[in-house]
Amino acid sequence: MSRILVSDVKDFVGKQATVMGWVRIRRDHGKLIFLDIRDRSGIIQVVVNPQVSESAYKVAQELGVEYAVSIKGQVNQRPGKSVNKDLESGGFELEATEIKILAKAATLPFDMGSDDLKLELPTLLDHRGITLRHPKIAAIFKVQAAIIDEFRNYLKTQGFVEFQAPAIAPAVAEGGAAVFEVNYFGHKAYLSQSPQLYKQIVMSAFERVFSVNKIFRAEPSVTTRHLTEVVSLDAEMAFIDSWLDVKDMAEQVVRSILKRVEDTCAKELKMYKVELPKMIDKTPYLSLKEAQEKIFKNSGRDVREEKDLNPEDEREICEIIKKETGSDFVFIYGYPTKHKPFYVYPNPENPEVNEGMDLLCKGLEWLSGGRRVNDYDQLTKQVKDWKLDPNKIKLFLEAFQYGVPPEGGFALGAERMTMQILELSNVREASIFPRDMERIDERLSTQKKS
Ligand code: AMO
């Protein structure tokens, strides 16, 4: 008999079926043994009764948590009062007639049987290979997969083409010092901070492009919102009228991602007891100056001369906007030109500020983007003003010598989105194998430096 998934047992009531999965919980009641068996689709209770099968009962006595098993039996409806409403298959159980052990498991270093896995973050990550098996932890990455899938899916419906950006780059796209240097056959190269320049080159041929790439930031600080390796969801589009077209596209992408998560991850959202962030019909947008004025008016904190919003400002402006409009999202645009990378488009009416934007959600930046400089002469001038070496970005500059129309784009961080949708307290929880200053799978403090 071939295997069925736990989610399909409802179609087999009164019939024989074989389920394969892992022992999540084993309860020995003497006369009966109960097993919770987990497969990729859910959890089902198995009853092992020696009166029904002596041999199955014998094997069940041997079983430990996380043993991989194949169990054949009859699917029964559970009587009314023993229905487990928390499980999708909680109305059914399998009465075992045959149990095969497919793989034994060592004793777990901690209990994984409860609905919440109450472990300190370092322990959770030190044992990722095991903790990932917990349904609530697995749920994080199911939601993340839905986010990434919908990013791709929505943009494809809008005529965007996916491309693969390189991970090793000869130059620094974003400026600043947060880069990992690579010894590239004796030459200096970098792990890519962003596919920025590549997405602009590819856009110049395809008009609309996107990429799902790893980016690397040598963040020297340990915060709850920074990783050193990030899944960056990047898009770039040509023939825009203004940065507002980019903003609108970014908003549609996020709206579509939220809808997809709502439609396909109800079970996962329920586990975290969360509601999706609210996106109203038209997400509000304000200039940095306007945001700073609002903060001043709201709390008296005077940040009006600052070049950017700090985390406290981001939290406050999001709270103000939520109160005013009900929106959990707000776009902030118009940053000081000199404090953003060379490719960001200065506002022609006031070149001191640019047409770059960020999207904040509940106090956290999800996205950056905006309009770019597309005029070759202006671009080469900005390369000079930003004191960059044009030889290192020849490929990029050459593309702009040959007729690039007004254009812009944006990038979303997949981990930050996942973190906030599930209201996780640390972005590391939303990275399947997080890298930070203190960890590359192992804690670096426990390793010797070479
Ligand atoms: P930026 O540097 O703002 O923009 O990155 C875009 C988005 O990526 C996520 N992100 C991070 N997430 C976790 N840890 C980090 N260290 C980290 N760094 C970035 C955030 C952020 O909003 N080239 C531009 C994008 C563009 O203009 O198209 C860029 O890289 O969610």
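D441 counts as partly exposed, at 41% relative accessibility; the term covers values between buried, under 20% relative accessible area, and exposed, over 50%, with a 1.4 Å probe and protein chains only. D441 forms a salt bridge with R435, the closest N and O atoms being 2.8 Å apart; a salt bridge is a side-chain nitrogen of Lys or Arg within 4 Å of a carboxyl oxygen of Asp or Glu. The model is predicted: local features need pLDDT of at least 70, side-chain atom pairs count only at pLDDT 80 or more, and totals for chains, interfaces and linings use all residues. Residues are numbered from 1 along each chain as its sequence is written, and side-chain values use heavy atoms, with hydrogens and water left out.

**Salt bridges**

- The whole structure holds 35 salt bridges, according to a search.
- R435 also forms a salt bridge with E229, and here the closest N and O atoms are 3.5 Å apart.
- This pair links distant parts of the chain, with R435 in strand β20 and E229 in strand β12 (residues 229-238), 206 residues apart; helices (H or I, at least four residues) and strands (E, at least two) are DSSP runs, numbered from the N terminus.
- E229 counts as buried, at 18% relative accessibility.
- Another salt bridge is formed by R3 with D39, where the closest N and O atoms are 4.0 Å apart.
- R3 lies in strand β1 (residues 3-4) and D39 in strand β3 (residues 33-39), so this pair ties together parts that are 36 residues apart in sequence.
- R3 is partly exposed, with 36% relative accessibility, whereas D39 is buried, with a relative accessible area of 6%.

**The sheet of β20, β21 and β22**

- Three strands form an open sheet in the order β20-β21-β22, with antiparallel pairing; two strands pair if DSSP finds at least two bridges between them.
- The edge strands, β20 (435-436) and β22 (442-443), each pair on one side only.
- Strand β21 (residues 439-440) is joined to β22 by two bridges, and R439 has R443 in β22 as its bridge partner.
- N426 lies in the loop between α12 (414-421) and β20.
- N426 counts as buried, at 12% relative accessibility.
- The side chains of N426 and R428 are joined by a polar contact of 2.9 Å; a polar contact is a pair of N or O atoms within 3.5 Å, where within protein one must be able to donate a hydrogen and the other to accept it, and residues adjacent in sequence count only if both atoms are side-chain atoms.

- Strand β10 (residues 187-191) runs antiparallel to strand β8 (residues 168-169), and two bridges join them.
- The bridge partner of I168 in β10 is L191.
- Strand β9 (residues 181-184) is joined to β10 by four bridges, and these two strands also run antiparallel.
- Y184, found in strand β9, stands opposite H187 in β10.
- The hairpin of β9 and β10 has two residues between the strands, and F185 in it takes a positive phi near 50°.
- Y184 is partly exposed, with a relative accessible area of 39%.
- On the surface, I168, Y184 and F185 form a nonpolar patch with about 350 Å² of accessible area together.
- Patches are made of residues with over 30% relative accessible area and no salt bridge, with like charges joined within 9 Å and nonpolar side chains (Val, Leu, Ile, Met, Phe, Trp, Tyr) within 5 Å.
- Accessible areas come from the Shrake-Rupley method with a 1.4 Å probe, and for residues only the protein chains shown count as cover.

**The ligand**

- The ligand is surrounded by 22 residues, and the closest are Q196, K199, E365, S368 and R372; a residue is near a molecule if one of its heavy atoms lies within 4 Å of it.
- An N or O atom in the side chain of E174 is 2.9 Å from a nitrogen atom of the ligand.
- For R217, an N or O atom of the side chain is 2.8 Å from an oxygen atom of the ligand.
- An oxygen atom of the ligand lies 2.5 Å from a polar side-chain atom of E365.
- The ligand exposes 630 Å² when taken alone, and the protein buries 93% of that.

**Helix α9**

- I321 has its place in helix α9 (residues 311-325) and counts as buried, at 2% relative accessibility.
- I321 and P284 are 37 residues apart along the chain, and their C-alpha atoms are separated by 7.9 Å.
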